[in-house]
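I opened this structure for the first time today and kept notes as I went. The entries follow the order in which I looked things up.

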Amino acid sequence: MAGRNIGVAVDFSSCSKAALRWASTNLTRNGDQLILIHVNNSSQTEQGAMHLWEQSGSPLIPLVEFSDPHVTKTYGLSPDKETLEILAQLAKQRGVQVFAKIFYGDPTKKLCESVDLVPLSCLVIGSRGLSTLKRALMGSVSTYVVNHAACPVTVVKENM
């Protein structure tokens, strides 16, 4: 049986690391591919990379390359040590292949698009735990993705 493509939305915040830890513990199994989905908005990245991969996102970046600061700089990323350690442990102990894919634009729309473009079997996303008022004023990425993604979506609270 072929493994699944499990997406985890990451922005290297504490809530996205909680989602990554949850997915690695509760969802992944031997033979799966875990694909980190990161969205840079246009103000975070140089224009060349954004124009090159604006429509379909970057190619899949294997963990060994994602751990290389020179490679991640090309994509406008700086993954933290804790995230890289979680990923290395997951790959070693669970037999999961780890990749990253970078999209450029609005996180709500690009996370939903990633489901079909990768394609993903499911998507795990962290929640900042906004109050009802803040969520109504600012919007919630996780709420939008739950309602619009074409695959099952799991929302993980930071304090889990």
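Below are my entries on cysteines, an aromatic pair, one serine and a pair of helices.

**Ground rules.** I am working with a predicted model, in which local features need pLDDT of at least 70 and side-chain atom pairs count only at pLDDT 80 or more, while totals for chains, interfaces and linings use all residues. Residues are numbered from 1 along each chain as its sequence is written, and side-chain values use heavy atoms, with hydrogens and water left out.

**Cysteines.** I looked for disulfides, meaning pairs of cysteine sulfur atoms within 2.5 Å, and the count came to 0. Cys-122 is in no disulfide, and the nearest cysteine sulfur, which belongs to Cys-151, is 6.5 Å away. I then looked up burial, where buried means under 20% relative accessible area, exposed means over 50% and partly exposed lies in between, with a 1.4 Å probe and protein chains only. Cys-122 counts as buried because its relative accessible area is 12%, and Cys-15 is buried at 8%.

**Aromatic rings.** I searched for rings of Phe, Tyr and Trp (its six-membered ring) with centres within 6.5 Å, calling planes under 30 degrees apart stacked, over 60 edge-to-face and the rest tilted. The whole structure holds 1 such pair. Phe-12 and Phe-66 are stacked, at 6.4 Å centre to centre with 25° between the planes. Helices (H or I, at least four residues) and strands (E, at least two) are DSSP runs numbered from the N terminus. In those terms, Phe-12 sits in the loop between strand E1 (5-9) and helix H1 (14-26), and Phe-66 lies in helix H3 (residues 63-66), 54 residues apart. Both Phe-12 and Phe-66 are buried.

**Ser-127.** I found Ser-127 in strand E5 (residues 122-127), and it counts as buried because its relative accessible area is 15%. With contact taken as heavy atoms within 4.5 Å, and leaving out residues up to four places away in sequence, Ser-127 touches Cys-15, Ser-142, Val-155, Val-156, Lys-157 and Glu-158.

**Helices H6 and H8.** Which residues of H6 meet H8? I noted Thr-108, Lys-109, Leu-111 and Cys-112 in H6, against Val-141, Tyr-144, Val-145 and His-148 in H8. In H6, the buried residues are Thr-108, Lys-110, Leu-111, Cys-112, Ser-114 and Val-115. What covers these buried residues includes E1, strand E2 (33-40), strand E4 (97-104), E5 and H8.
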